[in-house]
Amino acid sequence: MTLRNYDIAELRRLDVAHHLPAQSNYKLMREMGGSRIITRAQGSTIYDGDGNALLDGMAGLWCVQVGYGREELAKAAYDQMLELPFYNTFFKTVAPPTVLLATKVAELMGGNLGHVFFNNSGSEAIDTVIRLARYYWQAKGEPNRNVIIARVNGYHGSTIAGASLGGMKHMHVQGGPWVPGIEHVMQPYRFNEGFGEDPAAFGERAAQAVEDRILEIGPENVAAFVGEPVQGAGGVIIPPENYWPRIEAICRKYGILLVCDEVICGFGRLGRWFGFQHFGVKPDLVSMAKGLSSGYLPISAVGVADHIVETLREVGGDFVHGYTYSGHPTAAAVALKNIEIMERERLVERTANDTGPYLAQALAGLAEHPLVGETRSLGLIGAVEIVARKGTNQRFGGKEGPAGVMVRDLCIKNGLMVRGVRDSIVMSPPLIITHAEIDQLVGTIRAALDEAAPALRALDAKAA
């Protein structure tokens, strides 16, 4: 591979002049003089235009399961582009890779999830979920069942529908009004909302909040409950083990569709192909993206239970929904090859039996650090909670926010890409990460905590 010689200073200038990056403070980006220019990557490491190497503790954005530099994926795209670069599925047509990928995804989901609808992003998959859930109940002759229940601090994308379904208040202050008929209930975030509470008791309380809201709204008005098996962008919130089985029982009790948003958890992240398999539940709809192609090309999907499809078939008529690139043949070919690599290298099993437990053990070693209130992980997704006082969940400066960003910036400065969410450091490395790289990841977080401690203590003293 020949490396290109970019003019990094000019690219940064052009970035400010013309490019609007995602979820960014545009005033700050201008003051910074532009984005960090990432020029190449290999394995679990990314490289910027200034020659810095960073261990990618976020797998891009929760997605590069098989790591960077996979020639097989590039070749799969190349071969498909030569044969059939694109065709749509609108005209009673479909390309071979699209059918084969739908078949493979249905096989991986198992159970009665026998059908797949393709989109381009996780946000679009959520739009499809909302359309399908509401249309299903219309087709069943129950059009009043249109309310969808989700959770506070859940993240379901950035489209109007996705942001409406998500429960993030900082998103809701920008760009409304929002899609009606969406309700939010408490999240199963024990460290924040049930600190010191018995895990099973807290799981029951968090699930009961869903049933209480259903009864408040009226079960005859509720279409679906939607949740991420583990809340990713919300801060890697891992619910107690009894939470999801209880949620499923509630949904079945009232005849409500159960939707698992697997955009982050799907394709091995939790040590199973899908997060719902880890928690032992059987959803009716499953949104997925990211790890489906390891981020090499944009593609997403919605798994649909057989009983939903049979209802739509019985009613007949078009489901007037879809995208130009739904089932894009080149993206489908790459996703198929990505799954083949994951199966061949047994990356899901490796996450469950080797690297996931190793990450948990390494993170547990941070527990004695004076700034660490909790470490948690499941498979290869994890978080470190930063607290002002050991044994509590009190935040520095008396409010949420400053610690996570400060420690994140120090991690990046020292060669580790992680994310700061409020007062947590969250991570989601490639599934190919090695033990040595996990040691590097945790060691860099420890060093960043040590480096941040004086400034955080000063902030706390000022607030007092």
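1. W244 has a relative accessibility of 1% and so counts as buried. Y243 is likewise classed as buried, at 0% relative accessibility. Note that this is a predicted model.

2. The two rings, Y243 and W244, also pair with each other: their centres are 5.7 Å apart and their planes stand at 80°, so the arrangement is edge-to-face.

3. Eleven aromatic pairs turn up in a search of the whole structure. One of them joins F117 and F319, edge-to-face, with 6.2 Å from centre to centre and 70° between the planes. F117 belongs to strand β4 (residues 115–119), while F319 sits in the loop between α13 (306–315) and α14 (329–344); the pair therefore ties together parts 202 residues apart in sequence.

4. A single aromatic cluster is made up of F267, W273, F274 and F276.

5. Two arginines are placed over ring faces. R40 lies over the face of Y47, 3.9 Å from the ring centre. R145 lies over the face of W137, at 4.4 Å from the ring centre.

6. How many disulfides does a search of the whole structure find? The count is zero. For C63, the closest cysteine sulfur is that of C265, at 14 Å, which is too far for a bond; the cut-off for a disulfide is 2.5 Å between sulfur atoms. C251 is in no disulfide either, the nearest cysteine sulfur being that of C260, 9.1 Å away.

7. Is C63 buried or exposed? C63 is buried, with a relative accessible area of 12%. C251 is buried as well, with a relative accessible area of 0%.

How values were computed. Residues numbered from 1 in each chain as written. Predicted model: local features only at pLDDT ≥ 70, side-chain atom pairs only at ≥ 80, totals over all residues. Heavy atoms only, no water. Phe/Tyr/Trp six-rings, centres within 6.5 Å; stacked < 30°, edge-to-face > 60°. Helix = DSSP H or I, 4+ residues; strand = E, 2+ residues; numbered from the N terminus. Buried < 20%, exposed > 50% of the residue type's maximum accessible area, 1.4 Å probe, protein only. Lys NZ or Arg CZ within 6 Å of the ring centre and 35° of its normal.
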